[in-house]
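These are my notebook entries on one complex. I set down each look-up in the order in which I made it.

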Amino acid sequence: MSADLATYNFAYLDEQTKRMIRRAILKAIAIPGYQVPFASREMPMPYGWGTGGVQVTASIIGPDDVLKVIDQGADDTTNAVSIRAFFQKVADVAVTTHTKDATIIQTRHRIPEQKLTEGQVLVYQVPIPEPLRFLEPRETETRKMHALEEYGLMHVKLYEDIAINGRISKTYAYPVKVDGRYVMDPSPTPKFDNPKMHMSDALQLFGAGREKRIYAVPPHTEVVSLDFEDYPFEIQTFEQDCALCGAHGVYLDEVVLDDKGGRMFVCSDTDHCEDRREHGHVGAMLAQDSVKGQEAAE
Amino acid sequence: MYVAVKGGEAAITNAHRLLADRRRGDRTLPSITIEQVAEQLGLAVDRVMAEASLHDRSLAALAVRQSRGDLIEAIFLLRAYRTTLPRFGSSVPLDTATMQVERRVSATYKDLPGGQLLGPTFDYTHRLLDPSLLADEAVDEPASREAGGEEVMRVSDILAHEGLIEPDGDLPQDHEAGDLTREPMEFPMGRDLRLQALARGDEGFLLALGYSTQRGYGRNHPFVGEIRIGEVEVEMDIPELGFAVSLGRIRVTECQMVNQFKGSSKAPPQFTRGYGLVFGQSERKAMSMSLVDRALRAEELGEDITAPAQDEEFVISHSDNVQATGFVEHLKLPHYVDFQAELAMVRRMRADIEAARNGETEMKDAAE
Amino acid sequence: MATNTEAFSGGFSNPVFESQSIFRMLMDGMARPGTVRDVEHDAGQPEPLGQAAGAIALTLCDHDTPVWLSAGYAKSSVADWIGFHSGAPMTREKAEARFAFVEAGAALSSFGLFSAGTQEYPDRSTTLVIEVAGLDEGQSFTLSGPGILQTRSVEISGLPEAFLRLWADNRPLFPRGIDVILTAGRRFICLPRTTRITA
């Protein structure tokens, strides 16, 4: 046993693995929404915890990049912290929590509120890349359905939902059609975020490590959420504003305050919320607190 | 006021510190050495090597210790290390006919050339807890026979001699065995890749599937043609030298299952094969693997696919415990964004129903 | 032998970072078809391979990617150079090639023999790297499709005559199809199969 156990290449992956992933990424961009199979590697974090996103990020990242990692919209959730620390260790890369400063944003379950720009790449961690999987568990079958552009079953399923629940009850991982051809799983982001994928200025890459698939949406590409004429796609709306920064029309987390039904809503995108507060925006709860604080001081 | 949870970093550091403390346990006890793990918990080390697809006893022992004895965690540690290793080439196929057998049993013949050799087995031990192990009493040296070193013929060769068992499979001369750690998996897969997947598959999962075939879910009438455990030579062709050089010896367990026979208008009835080969000493795994291998040959042999163990996509997609544990355990990661979406949907649907009900009552009231 | 020294010379001086940087240009180029990228790294490729084409070969090719070369490249030391530095096997079968390199001025009669992938696996297709005379001036073309906000115009000189017709045949195969990288010395643009080109 030797001490050189811990010598790894820049960004952990060996060069041959990176080349293989890079080739898959180029094909993924050339065929928007199509899932390219790749020989996913074991990573030093568990499958299902972002190994696909990590492999994509590791294959594209360079010394000049600035990395942001979010989970549930937040930079300080434990898995985001862990992945960010991993890249700091193996790629010695600059990191940030500011969406606007990042060149690569790796995400689980959210798209930042702030509009992404040309120079940015959004890397999604994907658990189940196959949007048809909940209809058909077999890869051999779903691959055929994509090949034949046979998506009728998906529409039937969504319509059944309407018949039973009165509306499409799917709230996250809501299927989209990319550039008019492939039905794609947007990863388990709330459908609130689906419209942000449409004609985005940024390149969007998706990595599913355990399922060994990479797919992509190039910038300025049509991404349409599946729906029906009589039941058009609609996103979640929140009656409340963020209690901390007063933001409206953003995705909110419900925070339970006590065991008597007390709750508040705050931005799920922590950077967006902090940025707003720095710029003087004040939500209801913060305003209340500052009044209390002043009274106490007087 | 509400303060968002911060300090994930500190929490993680502290958790890992506590983990290290628990791993070490009572400091008044001597800490366990890698050599002790490799020597005295050898079968745990074997399992870790087998399912990590990396033959290195010391590193596997380190992984067992680092994982506090959680073998799936240890397998994961060793796999994650394995992926970072450069690939120099592939070895010449192991020749288990030349194995220095330490154990060799057959259920199909009472007596056979080379004999039955029990070796270091738990079989026929009475499963009574042994207090002598508490006292660390001296252990007798093993009895050993004269060093023979002669090769022991394989039971399958005895049957093959008479043409009673199907041939070993005929891969084209230029067939290069696939490598499922380097290429994306695709279904249906060749038997070479399938056996690779089974060899690193979870012992418990394969055991349960093998068991299910015995209970009627894809029955294939197995007999243990032979189980052999022992050391074999690993050789690699060096093109520059023009011959194969030895890289060393490793212990493996091989199981050849002799299964239900089959005949057709073209071929006379023959027994069929199920095959298992595992690093180290792991009879349970090798036997389960050969049962499942045979079950997965259903399509090739023209049998109806009716049971889970015969379903290649189902078996192979779920046999990898590192993948399985990652995905099952990822459910403990935060999912509150999606849960929020579901929460809002359920509230909204309940409000719809409530509104519809109120509407009905009002109508009734108005009618009365 | 002169060819041999040529084959063994050059290569990336810092493979990890140079290939990362070239790859990012390729990724951004594929994501934004028609945008011109400039390769500063000199990989010391032998004539007549251009600087961009040489760097792309070293960035993307290896043991797993059979490479096809047009006649002009095939009879130069380009094959040995790519083979030595990347380990990629050369193939005469267009359908086997993951990458094909075409020298400037070579006649292109068809894309048909290159692999367009299958309907199930459209990614298993050849990427063509075609050298042209220039990417800064010449005939003007209009591009549209994914990665392009409305339209983008590019100027190309020395585009093989049959290219537009071949490209028009490639587009309807979607999702199958070949992808193209046009190189001109240090510069290159990417044309994924989704891009529509009008003169």
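Is helix α3 (residues 42–52) of chain B mostly covered or mostly uncovered? I found α3(B) mostly covered, with eight of its 11 residues buried. I took a residue as buried if 20 or more other C-beta atoms lie within 10 Å of its own, as exposed if 12 or fewer do, and as partly exposed in between, with C-beta atoms placed from the backbone. Helices (H or I, at least four residues) and strands (E, at least two) are DSSP runs, numbered from the N terminus.

**Entry 1: conventions and confidence.** I note that this is a predicted model, in which local features need pLDDT of at least 70 and side-chain atom pairs count only at pLDDT 80 or more, while totals for chains, interfaces and linings use all residues. Residues are numbered from 1 along each chain as its sequence is written, and chains are lettered from A and ligands numbered from 1 in the order in which they are written. The predictor assigns the complex an ipTM of 0.97 and a pTM of 0.91.

Entry 2: I listed the buried residues of α3(B): B:Val45, B:Asp46, B:Arg47, B:Val48, B:Met49, B:Ala50, B:Glu51 and B:Ala52. I then looked up the domains, whose bounds come from an automatic or database domain assignment. Chain B splits into domain 1 (12–82) and domain 2 (96–123 + 147–170 + 180–326), and their centres, taken over C-alpha atoms, are 28 Å apart. Two residues are in contact if their C-beta atoms, placed from the backbone, lie within 7 Å. The contact between these domains takes 12 residues from domain 1 of chain B and 14 residues from domain 2 of chain B. On the domain 1 side, α3 and α5 (71–82) of chain B are the elements that give two or more residues, and α3(B) gives the most, with six. That side of domain 1 comprises six nonpolar, two polar and four charged residues. In this classing, Ala, Val, Leu, Ile, Met, Phe, Trp, Tyr, Cys and Pro count as nonpolar, Asp, Glu, Lys and Arg as charged, and the others, Gly among them, as polar.

**Entry 3: which chains touch.** Two pairs of chains touch, and chains A and B have the most contacts. I found 46 residues of chain A in contact with 42 residues of chain B. On the chain A side, α3 (78–91), α4, β11 and α8 (284–297) each supply at least two residues, and α3(A) gives the most, with four. This side of chain A has 17 nonpolar, 16 polar and 13 charged residues.

The contact of chains A and C takes 30 residues from chain A and 28 residues from chain C. Here α1 (15–30) and α4 (139–147) of chain A each supply at least two residues of the chain A side; the largest share, 11 residues, comes from α1(A). By class, I recorded 16 nonpolar, five polar and nine charged residues on this side. Chain B and chain C have no contact, and their closest C-alpha atoms lie 10 Å apart.

**Entry 4: nonpolar cores.** I took a nonpolar core as a set of buried Ala, Val, Leu, Ile, Met, Phe, Trp, Tyr and Cys residues joined through C-beta atoms within 7 Å. The largest has 168 residues, of which A:Ile25 and C:Leu182 touch the most other members. α1(A) gives the most to this core, with eight residues. Leaving aside neighbours within four places in sequence, the contacts of A:Ile25 include A:Val56, A:Leu205 and C:Met27. Another core, of 13 residues, lies apart from the largest one and includes A:Phe192 and A:Phe265.

Entry 5: Strands β11 (residues 252–256) and β12 (residues 263–267) of chain A run antiparallel and are joined by five bridges; two strands pair if DSSP finds at least two bridges between them. A:Val256 stands opposite A:Arg263 in β12(A). The two strands form a hairpin with six residues between them, and A:Gly261 in the turn has a positive phi of about 90°.

**Entry 6: a loop residue in chain C.** Why does C:Gln150 count as exposed? C:Gln150 has 7 C-beta neighbours inside 10 Å and therefore counts as exposed. I located C:Gln150 in the loop between β5 (134–144) and β6 (152–157) of chain C.
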